[in-house]
Amino acid sequence: MLAIDQKHYEIIRQYVDLLAIVEEGFEHIQAKYKLGHFEAGDRVLGDVFLAFSQFEMANQTLVEAFGKDVILQEVQLFGSIIEIVEELEVNFHNEECKKAIVLSKLIPAFSSWSILMQAKFQPYLLH
């Protein structure tokens, strides 16, 4: 495990906190979509997309801090989530298609990636 400074510790802590917040957002979206309340779910989805832009910025910082050999693969996996978002954007006005993409693709992909990232960062937060 690499030694990290206070600045990078804070970035990691905020990153892990944001992962949890997005997970909570997806739980809310999932509940709203299942009830057919797309407008309420879409508002939270907009916030999730803002969080995704924060992940993208932080990912670059993390690669620079940890080095490509340590975290590049995990950061690159975020690209597959962005590909799902792009598919979602094309189908955003079709509520049933949007619901299917969010529930069967986006949420599972994010959850898997989130677990991977949390496992990667947890040792740094425990020290």
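**Helix packing and salt bridges**

Helices here are DSSP runs of H or I with at least four residues, strands are runs of E with at least two, and both are numbered from the N terminus.

Before going on, a note on the source. This is a predicted model, in which local features need pLDDT of at least 70 and side-chain atom pairs count only at pLDDT 80 or more, while totals for chains, interfaces and linings use all residues. Residues are numbered from 1 along each chain as its sequence is written, and side-chain values use heavy atoms, with hydrogens and water left out.

Now the overall layout. The C-alpha trace spans about 50 × 20 × 20 Å along its principal axes. Of the 127 residues, 38% are buried, with buried meaning under 20% relative accessible area, exposed over 50% and partly exposed in between, for a 1.4 Å probe and protein chains only. Contact means heavy atoms within 4.5 Å. Among contacts in the chain with a separation of 6 or more, 72% are between residues 24 or more positions apart.

Back to H2 and H3. Two packed helices are described by the angle between their axes and the distance between the axes. H2 covers residues 38-66, and its axis comes within 10 Å of that of H3, crossing at roughly 160°. The axes are lines fitted to C-alpha atoms, for helices over the stretch in contact, and the angles run from 0 to 180 degrees between N-to-C directions. The crossing of H2 and H3 is left-handed, a term used if the near helix is turned anticlockwise from the far one by less than a right angle, with clockwise being right-handed.

Which residues in H2 meet H3? On the H2 side they include Phe49, Phe52, Phe55 and Phe66, and on the H3 side Ile71, Phe78, Ile81 and Val85 are among them. The residues of this contact divide into 16 nonpolar, one polar and two charged. In that count Ala, Val, Leu, Ile, Met, Phe, Trp, Tyr, Cys and Pro are nonpolar, Asp, Glu, Lys and Arg are charged, and the others, Gly among them, are polar.

Next, H3 and H4. Their axes come within 10 Å and cross at roughly 165°, and therefore H3 and H4 are roughly antiparallel to each other. The crossing of H3 and H4 is left-handed. Contact residues in H3 include Ile71, Glu74 and Phe78, and those in H4 include Phe110, Trp113 and Lys120. The contact of H3 with H4 divides into 17 nonpolar, no polar and five charged residues.

Let me stay with Glu74. Glu74 lies in helix H3, residues 68-90. Leaving out residues up to four places away in sequence, Glu74 touches Trp113, Leu116, Met117 and Lys120. Is Glu74 buried or exposed? Its relative accessibility is 11%, so Glu74 counts as buried.

That brings us to salt bridges. Side chains of opposite charge can pair when their charged atoms come close. A salt bridge here is a side-chain nitrogen of Lys or Arg within 4 Å of a carboxyl oxygen of Asp or Glu, and by this rule the count comes to six.

One of them pairs Glu10 with Arg13, at 2.6 Å from N to O. Both lie in helix H1, residues 6-34, three residues apart, about one turn of the helix. Glu10 is partly exposed at 25%, and Arg13 is partly exposed at 30%.

Another pairs Glu39 with Arg43, at 3.4 Å from N to O. These two are in H2, four residues apart, about one turn of the helix. Glu39 is exposed at 60%, and Arg43 is exposed at 53%.

Glu74 forms a salt bridge with Lys120, with the closest N and O atoms 3.4 Å apart. This pair links distant parts of the chain, Glu74 in H3 and Lys120 in H4 (residues 95-126), 46 residues apart. Lys120 counts as partly exposed, at 26% relative accessibility. Finally, salt bridges that share partners join Glu10, Arg13 and Asp17 into one network.

Notes: Parallel < 35°, antiparallel > 145°, perpendicular 65-115°, else oblique.
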